[in-house]
Amino acid sequence: MQTTKDQAINKLESGWHNLVEKVFEIEKQLPFCSGIAEVSRTNGMLMIRFVRADILNGYQRFILDALEYKFERISAKLCEGCGKHGVRRKDLPEIQTLCTTCYALKYSEVHTFVPPKVANQEPQID
C-alpha cells in the first residue's frame, strides 16, 4: 500500500512539510521509483520507505536506500514544529526534534507543575 502526500503531511507537524514535499518529488524524478510506501516519525526522525516491488537492479535499490537514509538524517536536525535547525530532545514523553523555542513550549506544556492533592483532606473553612 502506498502513502499519498496528503496522508503523510496530515501525520506530521508543519516543520517537516517541506521535507515531505521533497520526498514526493523523488517519485517524479526517478523513473524506477514507483511510489512511497511509508512516511512516519520514529525516535524524533522522519522515516521514509520507498516502494521496491519493481526494482531488479541493485544500483537502483542502493539509490533508494541512500535517499531514505539522507532524508532521515536531515529530519534529525530539522525542527518538527517550525522547520528551523533543531536537536533531538529525549526528555519529553516521545523523542522529538525541536528548536529551542518549540522545545521550551513543548517542555512547559508537558511538565506543568500541578500541586498534589492531600488524600482524605477535609474542605477548609475560613
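Start with where two helices touch: L19, K22, V23 and I26 in α2 meet L67, F71, I74 and S75 in α3. Sorted by type, the residues of this contact come out as six nonpolar, one polar and one charged. Keep in mind that this is a predicted model.

**How α2 and α3 lie together**

- Helix α2 covers residues 17-29 and helix α3 covers residues 58-75, and their axes come within 11 Å of each other.
- The two axes cross at roughly 170°, and angles over 145 degrees count as roughly antiparallel, so α2 and α3 are roughly antiparallel to each other.

**The chain as a whole**

- You'll find four helices and four strands in the chain.
- Reading from the N terminus, the order of elements is α-α-β-β-α-β-β-α.
- The chain has 126 residues, and 35% of them are buried.
- Take the contacts between residues at least 6 apart in sequence: 43% of these join residues at least 24 apart.

- Strand β1 (residues 36-42) pairs with strand β2 (residues 45-50) in the antiparallel sense, and six bridges link the pair.
- To find your place in this pairing, look for V39, which sits opposite I48 in β2.
- Two residues lie between the strands of this hairpin, and N43 takes a positive phi there, near 50°.

**Cysteines without a bond**

- How many disulfides does a search of the whole structure find? The count is zero.
- As a reminder, a disulfide is a covalent bond between the sulfur atoms of two cysteines.
- Are C79 and C102 buried or exposed? C79 is buried, with a relative accessible area of 0%, and C102 is buried as well, with a value of 18%.
- The cut-off for buried is under 20% relative accessible area, so C102 at 18% still falls on the buried side.

Note on methods. Residues numbered from 1 in each chain as written. Predicted model: local features only at pLDDT ≥ 70, side-chain atom pairs only at ≥ 80, totals over all residues. Heavy atoms only, no water. Disulfide = S-S within 2.5 Å. Buried < 20%, exposed > 50% of the residue type's maximum accessible area, 1.4 Å probe, protein only. Pairing = 2+ DSSP bridges. Axes fitted to C-alpha atoms, helices over the stretch in contact; angles between N-to-C directions. Parallel < 35°, antiparallel > 145°, perpendicular 65-115°, else oblique. Contact = heavy atoms within 4.5 Å. Nonpolar A, V, L, I, M, F, W, Y, C, P; charged D, E, K, R; others polar.
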